[in-house]
Amino acid sequence: NTLEAARAHLAGGRVAEAEAACVELLRQDDADVHALHLLALIRAQTGRVAEGAALLERVAGLAPESAAARSDLGAMLIMLGRAEAAEPYLRAAVALNPGSVEARIHLGNALHARGEFKAAEEIYRAALQLDPRHVRGLMSLGNLLHDLRRPADALEFLTAAAGLAPG
């Protein structure tokens, strides 16, 4: 099917072909939440984050049960400097999928961006309870601890992340 082709193109680095496949799917069904979601990720990956966020807002409306759409939308809103707008989507993503480390890390990032350091630290630590080897989680907590002027603690998490990061 065309969605699988789009995913294969994206995995193979053929972004333009992946985007074209999603657009074709949406010509056939403009409410295809999977095609909309993938197209949103492609748009964000190619520097069109605002377009990606708009597509994910549509997905969130069409698929209220999609934790992934809310998590990705929250991450894009943070990239757009809209951490406050991201927080409700990210809280919903965590509520819909409490085991999502990604959603928790994005929520921590939103809180960190808003200066809510204690809450961000709690969220990052909860995410790392679920996956203690999550590189971005370790890096996010390390960066937060650095911002809190706790260099020894920051170094512990940043060193752990560096030891796990590929390459």
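Guide: Contact here means heavy atoms within 4.5 Å. By that criterion, Leu3, Ala6, Arg7 and Leu10 in α1 meet His34, Ala35, Leu38, Ile42 and Gln45 in α3. This is a predicted model, in which local features need pLDDT of at least 70 and side-chain atom pairs count only at pLDDT 80 or more, while totals for chains, interfaces and linings use all residues. Residues are numbered from 1 along each chain as its sequence is written, and side-chain values use heavy atoms, with hydrogens and water left out.

Visitor: What makes α1 and α3 roughly parallel to each other?

Guide: Helices are DSSP runs (H or I, at least four residues) numbered from the N terminus. The axes of α1 (residues 2-11) and α3 cross at roughly 20° and come within 10 Å; axes are lines fitted to C-alpha atoms over the stretch in contact, and angles run from 0 to 180 degrees between N-to-C directions. Angles under 35 degrees count as roughly parallel, over 145 as roughly antiparallel. α1 and α3 are therefore roughly parallel.

Visitor: Why are α3 and α4 called roughly antiparallel?

Guide: The axes of α3 (residues 33-45) and α4 (residues 49-62) cross at roughly 160° and come within 7 Å. α3 and α4 are therefore roughly antiparallel to each other. Their crossing is left-handed, a term used if the near helix is turned anticlockwise from the far one by less than a right angle. The residues of this contact divide into ten nonpolar, two polar and three charged. For that division, Ala, Val, Leu, Ile, Met, Phe, Trp, Tyr, Cys and Pro count as nonpolar, Asp, Glu, Lys and Arg as charged, and the others, Gly among them, as polar.

Visitor: How do you know that α5 and α7 are roughly parallel to each other?

Guide: α5 (residues 67-79) and α7 (residues 101-113) pack at an angle of about 25°, with their axes 9 Å apart. They are therefore roughly parallel. Ser71, Ala75 and Ile78 of α5 make the contact with Glu102, Ala103, His106, Asn109 and Ala110 of α7. Those residues comprise four nonpolar, three polar and one charged.

Visitor: Why is Ala40 called buried?

Guide: Buried means under 20% relative accessible area, exposed over 50%, and partly exposed in between (1.4 Å probe, protein chains only). Ala40 has a relative accessible area of 0%, and is therefore buried. Ala40 belongs to helix α3. Leaving aside neighbours within four places in sequence, Ala40 is in contact with Gly52, Leu55, Leu56 and Met76. Ala40 and Ala53 are 13 residues apart in sequence and 6.7 Å apart in space, C-alpha to C-alpha.

Visitor: Which residues have the most contacts inside the largest nonpolar core?

Guide: A nonpolar core is a set of buried Ala, Val, Leu, Ile, Met, Phe, Trp, Tyr and Cys residues joined through side-chain atoms within 4.5 Å. The largest has 47 residues, and those with the most contacts inside it are Leu38, Leu56, Met76 and Leu141. Helix α3 gives the most to this core, with seven residues.

Visitor: Is Arg149 buried or exposed?

Guide: With a relative accessible area of 71%, Arg149 is exposed. Arg149 lies in the loop between α9 (135-147) and α10 (151-164).

Visitor: What is the phi of Arg149?

Guide: The phi of Arg149 is near 60°, a positive value in a residue other than glycine. Most residues other than glycine have a negative phi.

Key
Helices (H or I, at least four residues) and strands (E, at least two) are DSSP runs, numbered from the N terminus. Angles under 35 degrees count as roughly parallel, over 145 as roughly antiparallel, 65 to 115 as roughly perpendicular and the rest as oblique.
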